[in-house]
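Could you look over my notes on this one? I went for the pocket, the core and the salt bridges.

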Amino acid sequence: MKKIGILGSGAVAHTLGNGFIKHGYEVMLGSRDLNKITAWKEKAGDKASIGSFEEAAKFGDIIVLAVKGIAAADVIDLAGPQYLIGKTVIDTTNPIAAAPPEDGVLKYFTTMDESLMEQLQTRFPALHFVKAFNSVGNGAMVNPSYKDGKPSMFICGNNDAAKKETSDILGQFGWEVEDMGKAAAARAVEALCMLWCIPGFLHNQWTHAFKLVKI
């Protein structure tokens, strides 16, 4: 079973780390500050380890990028892009700006003509980015239970093998996968975070997920 390197130390990193361990993977969380992830390691058990961004990048056969969107490129630079070449990089990030929401709608630092993942793919062309996990709260990322069945996870990316690897993980994690195509589709997939957050900001509803219904 492949090892998982997670770049990040926040709630998404912790949740996905626990999810991978639940399904039998070895996981290393990477951070600038190990104090942020020491408690996670102590609770997560023998399959959990922690290190720097670079150590996590070297450790993982599959990489999860789980940091604030504004820091994503810098974190990849710190991790060492050379250690990520040829690996699936599951990109959970969204381009959320520092400005507060307006009428419940997040502000992004990107435009509808270029997503954050496209920016990352252009800057690091040898990496196999797959957008996933960006359109749901961390509380429902791993094997969620909804009365209407499995929710939909929208993914996109330029590398078919990386999307297949990500899809297999999503299947283990209880999701129906909807492949939206190449990296340009991240313009729409990243925007789903805006839509997902509106009920939360307006009505304090944070437990929903999307489902693509087909005839």
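Here are my points, one topic at a time.

1. Ground rules. This is a predicted model, where local features need pLDDT of at least 70, side-chain atom pairs count only at pLDDT 80 or more, and totals for chains, interfaces and linings use all residues. Residues are numbered from 1 along each chain as its sequence is written, and side-chain values use heavy atoms, leaving out hydrogens and water.

2. The largest pocket holds about 900 Å³ of space. Its lining has 34 residues, and V12, V67, K68, G69 and I96 are the closest to the centre. (A pocket here is an open set of points on a 1 Å grid over the protein atoms alone, where a 1.4 Å probe fits, with protein on both sides within 12 Å along at least five of seven lines; lining residues have an atom within 4 Å of a point.) Helix 7 (186-203) and helix 1 (11-22) each give two or more residues to the lining, with helix 7 giving the most, four.

3. The core. The largest nonpolar core has 66 residues, and I6, L16, F20, V27, L65, L120 and F133 touch the most other members. Such a core is a set of buried Ala, Val, Leu, Ile, Met, Phe, Trp, Tyr and Cys residues joined through side-chain atoms within 4.5 Å; buried means under 20% relative accessible area, exposed over 50%, partly exposed in between (1.4 Å probe, protein chains only). Helix 7 turns up here too, with the largest share of the core, six residues.

4. Helix 5. In helix 5 (residues 116-123), L116, M117, E118, L120 and Q121 are buried. They pack against strand 4 (62-65), helix 4 (72-79), strand 5 (88-91), strand 6 (128-131) and helix 7, contact meaning heavy atoms within 4.5 Å.

5. Salt bridges. There are 12 in the structure, each a side-chain nitrogen of Lys or Arg within 4 Å of a carboxyl oxygen of Asp or Glu. D91 and K131 pair at 2.8 Å, N to O; D91 lies in strand 5 and K131 in strand 6, so this pair ties together parts 40 residues apart in sequence.

6. Another bridge to check. R187 pairs with E118, with the closest N and O atoms 2.8 Å apart. That links helix 7 to helix 5, 69 residues apart. R187 is partly exposed at 29% relative accessible area, while E118 is buried at 12%.

Conventions
Grid points are joined across faces, edges and corners, and a volume is the space filled by probe spheres set on the points.
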